[in-house]
Amino acid sequence: MFNERIALKIRLEQMVDAEERILQEFRKERETILERLRELDSIQSENGSQDLQSHYTPDIVPLSSLNDSENVPRPATKRIPKTKKIGKSRQMHEAAFKILRERLQPVKGTEIQEFIFNETGFKVANMTTFMKTIQRKEKQVRKLDRGLYIFEKES
């Protein structure tokens with residue numbers, strides 16, 4: 001039975017997915033900007049005391065106008081790599097993709113749920129909703145029958 005509670009849960013999952021995509025876009029843009037700033041820093045160091053303003057395009061906001069000094073990038077040589085943090089749902093999705101790709105035959109939903117719990121430590125609250133999200137993300141995941149899922153390789 002489909003009620004408002006289920007609809008709200010589905011919408012929450014959709015919002016989490018959308019947030020992840022948006023954050024990923026921001027990360028890509030941030031990396032592009034930081035890379036360009038590194039290039040400009042190397043140009044400045046090569047040219048000595050040459051004014052860096054000549055290398056900026058007019059529509060780019062200079063770093064000095066940022067309020068938060070912690071957002072200013074450090075030179076590449078002093079940068080310490082950060083551990084990659086991924087969210088709970090992404091960890092669970094990756095675990096589900098892993099078991100589905102490893103097995104060539106159909107996998108029961110309960111097996112997927114158990115594998116996800118063992119792999120990530122997180123319990124899937126609603127397996128049907130979770131697998132629908134997986135199917136939306138990866139078109140090769142298909143539901144064969146009640147509680148049976150398979151990863152079909154493209155021919």
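Read from the N terminus, the elements of the protein chain follow the order α-α-β-α-α-β-β, which amounts to 4 helices and 3 strands. The model described here is predicted. The protein chain has 155 residues, of which 22% count as buried. Its exposed surface comes to about 12,300 Å², with carbon and sulfur atoms supplying 53% of that area. Among contacts in the protein chain with a separation of 6 or more, 51% join residues 24 or more positions apart.

Helix α2 spans residues 88-102 and helix α4 spans residues 127-137; their axes come within 11 Å and cross at roughly 75°. Because angles of 65 to 115 degrees count as roughly perpendicular, α2 is described as roughly perpendicular to α4. On the α2 side, the contact is formed by Met92, His93, Ala96, Phe97 and Leu100. Their partners in α4 are Phe130, Met131, Thr133, Ile134 and Lys137.

Setting aside neighbours within four places in sequence, Asp17 is in contact with His93, Thr133, Arg136 and Lys137. Of these partners, His93 also takes part in the contact of α2 with α4, as do Thr133 and Lys137 from the α4 side.

Note on methods:
Residues numbered from 1 in each chain as written. Predicted model: local features only at pLDDT ≥ 70, side-chain atom pairs only at ≥ 80, totals over all residues. Heavy atoms only, no water. Axes fitted to C-alpha atoms, helices over the stretch in contact; angles between N-to-C directions. Helix = DSSP H or I, 4+ residues; strand = E, 2+ residues; numbered from the N terminus. Parallel < 35°, antiparallel > 145°, perpendicular 65-115°, else oblique. Contact = heavy atoms within 4.5 Å. Buried < 20%, exposed > 50% of the residue type's maximum accessible area, 1.4 Å probe, protein only. Areas by Shrake-Rupley, 256 points an atom, 1.4 Å probe, with all protein chains shown as cover.
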